[in-house]
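Subject: Structure handover

Hello,

Here is the structure I promised to pass on. Please open it alongside this note, and then read on for what turned up.

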Amino acid sequence: MKKYILSIFLLIIILTMSSCIQEGTSSLSTNTIYTTKDSVATVIEDTSTNKEYDYKIKTASNVDSRLLYKNMTLKVFDLDIPIYNCKTNFSHTWNAEAPQRMNNAVAIVELEGTARFSLTATFNVELSCTIRPLSEEIVPEVIDDRNIEFEISKAGQYTIEFSNDRTLHLFVIEFEKYDSYKDMDNVMYFSPGVHNKTNDKRINSNNRINLNSNTVVFLDEGAIVEARFEATNKSNIIIVGYGIVSGANFDRNANTGTATVPYDFQYCNNIKFFGISTLDPAGWCYNLFFSNNIEIDDIKIISSRSNGDGISLQSCQNVHCSNSFIRSWDDSLVVKNYVSWNNGSEGTTRNIYFDNCLLWTDLAQSMEIGYETIGEIMDNINFTNITVLHNYHKAPISIHNGNNANITNVHYKDIVIEDASMGKGDGKNILIEIVSEFSSTWSTNHKVTAVGSIDNVIIENVTVLFSKNPQVSIRGSYDGRSGYESYHYVTNVVIRNIYISGVKLDENYPNLEMKYSNNITFE
């Protein structure tokens, strides 16, 4: 009987220890690791620092080597993180063919807890390495001239930047955040691997996927879809997951109009985009046109070709974009009014919210309203809690009213611009540009109209960490075109708590330009 009781007691102890190990509790012994095919859950104690790491991480496995970036490798403990090759563009002069592109790096993981990443490069990493956003205060540890290590503790988007223009874009998604969408009704599922018109019947001969209403599109970890998603007059569509939409194999030439826009949604309602990364779009990335009730969260964009706008909203209402990363070779976030292709009616824009986004603008503007502004109502447009990692070309904060819109109730709030290097290439060193005037380049593209006005703009709590005395321009205009002779004013603009390299912006700022403007206040 005593033997029986002792055996039961030992069995309970074994089961308890096993349960602790399965659950990843802190009672694990050091250097214990549990792996599946493409994920790892681990608790490791670093004997040199006596620091414990408790995390779960998942990434793609068995990625085709032809898709990988060759100049870096990335690991978390002994798990290889695939680094995809992606084009970026360090030219700051617009060109139809965008010839000056270079290979760069993207990695995507799901993470819970704190993980320590080890990066090995083929080049010297000791020269300079910065991890952004700077607010996360992640300082890389240089191991030697080819290796660094760093810790990531939460979901988000990060750039590991080296002085030779090499960058690892690291996209960290909350662990298994989107898994539940796999089980929804009417799911179009894309498994790991490359999907294109040669191997996937859902992609037509024109590289397009036509979506119906009430559809969920799910891209699993490691899925790469080489196609364009499009819908017209549809509703209740979700595109979600951990995978990649790639435009790398599509032609883009602005001279001929050749383009493949990854997401083209026209006259749609209740559309959602969650989690997806889009690399090297052949033109604009998100084209949302005369659509309503749009939700965008945790998406990632890297563009490098002509007219490579990130998120472009034309005549849309009730749009909320949050927690996203946009690196663009044209405007990063842009809001416009267009004319309807259906009946020629003018657009309406209302209730637009961009919140908690990271922007890297290699060309053009970061947060732009205009130039095409055809339609009288453009109201309640908001950019809040935005970090601009780099802007090299034109104004990060800009409103250009070139048509007949009355642009009202615009709010830029809690903006950090880490690197305000505007003016490179054929750009202009302008920080803020608010302009209502006819443009010979932009105002006649779709319809000739009178010029409207800009009223009630608040720009507050803006911190520019690095700049070279940029210009601030607030100006209306007199339109002297025959039949349109009139004045157009910028009115009721509040500039509050804006600091440029530690200097507060006020009415005595030496590079301030104001004309045809009323009630401009500095607080």
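Of the 523 residues of the protein chain, 55% count as buried. Please keep in mind that this is a predicted model.

**Overall build**

The chain has 1 helix and 45 strands. Its radius of gyration is 25 Å. A compact globule with 523 residues would come out near 24 Å, so the value agrees with that rule. Along the principal axes, the C-alpha atoms fill a box of roughly 105 × 55 × 45 Å.

Contacts come next. Take those with a separation of 6 or more: 70% of them are between residues 24 or more positions apart.

The accessible surface is about 21600 Å². Carbon and sulfur atoms account for 46% of that surface. As for charge, there are 62 negative and 42 positive side chains. The centres of the two sets lie 5 Å apart.

**Aromatic rings**

How many aromatic pairs does the structure hold? The count is 27. One of them is Y178 with Y242: the ring centres are 5.7 Å apart and the planes meet at 55°, so the pair is tilted.

**Backbone points to check**

Most residues other than glycine have a negative phi, and most peptide bonds are trans. Here are some places that depart from that.

- The peptide bond from R132 to P133 is cis, with omega near 5°. P133 lies in the loop between β9 (129-132) and β10 (141-144).
- The peptide bond from G370 to Y371 is also cis, with omega near -10°. Y371 is in strand β33 (residues 367-373).
- D165 has a positive phi, near 70°, and is not a glycine. This residue lies in the loop between β12 (156-162) and β13. D165 is partly exposed, with 35% relative accessible area.
- A364 has a positive phi of about 75°, again without being a glycine. Its place is the loop between β32 (348-363) and β33. A364 counts as buried, at 7% relative accessibility.

V335 lies in strand β31 (residues 333-337). Its relative accessibility is 1%, so V335 counts as buried. Which residues does V335 touch, beyond those up to four places away in sequence? They are L313, T349, I352, F354, E368, I369, G370, M378 and I381. From V335 to I399 is 64 residues along the chain, and their C-alpha atoms are separated by 9.4 Å.

S315 is in the loop between β28 (311-314) and β29 (317-322). At 4% relative accessibility, S315 is buried. Leaving aside neighbours within four places in sequence, S315 is in contact with F290, S291, K336, N337, Y338, G347, T348 and T349. T349 is also among the contacts of V335. S315 and T373 are 58 residues apart in sequence, and their C-alpha atoms are 8.9 Å apart in space.

I374 is in the loop between β33 and β34 (377-391). I374 is buried, with a relative accessible area of 1%. Not counting residues up to four places away, I374 touches N337, Y338, V339, E346, G347, N403, N404, H446, K447 and T449. N337, Y338 and G347 are also in contact with S315. I374 and K70 are 304 residues apart in sequence and 46 Å apart in space, C-alpha to C-alpha.

Best wishes

Technical notes
Residues numbered from 1 in each chain as written. Predicted model: local features only at pLDDT ≥ 70, side-chain atom pairs only at ≥ 80, totals over all residues. Heavy atoms only, no water. Helix = DSSP H or I, 4+ residues; strand = E, 2+ residues; numbered from the N terminus. Rg over C-alpha atoms; globule rule 2.2 N^0.38 Å. Buried < 20%, exposed > 50% of the residue type's maximum accessible area, 1.4 Å probe, protein only. Contact = heavy atoms within 4.5 Å. Areas by Shrake-Rupley, 256 points an atom, 1.4 Å probe, with all protein chains shown as cover. Lys, Arg positive; Asp, Glu negative; His and termini not counted. Charge placed at Lys NZ, Arg CZ, Asp CG, Glu CD. Phe/Tyr/Trp six-rings, centres within 6.5 Å; stacked < 30°, edge-to-face > 60°.
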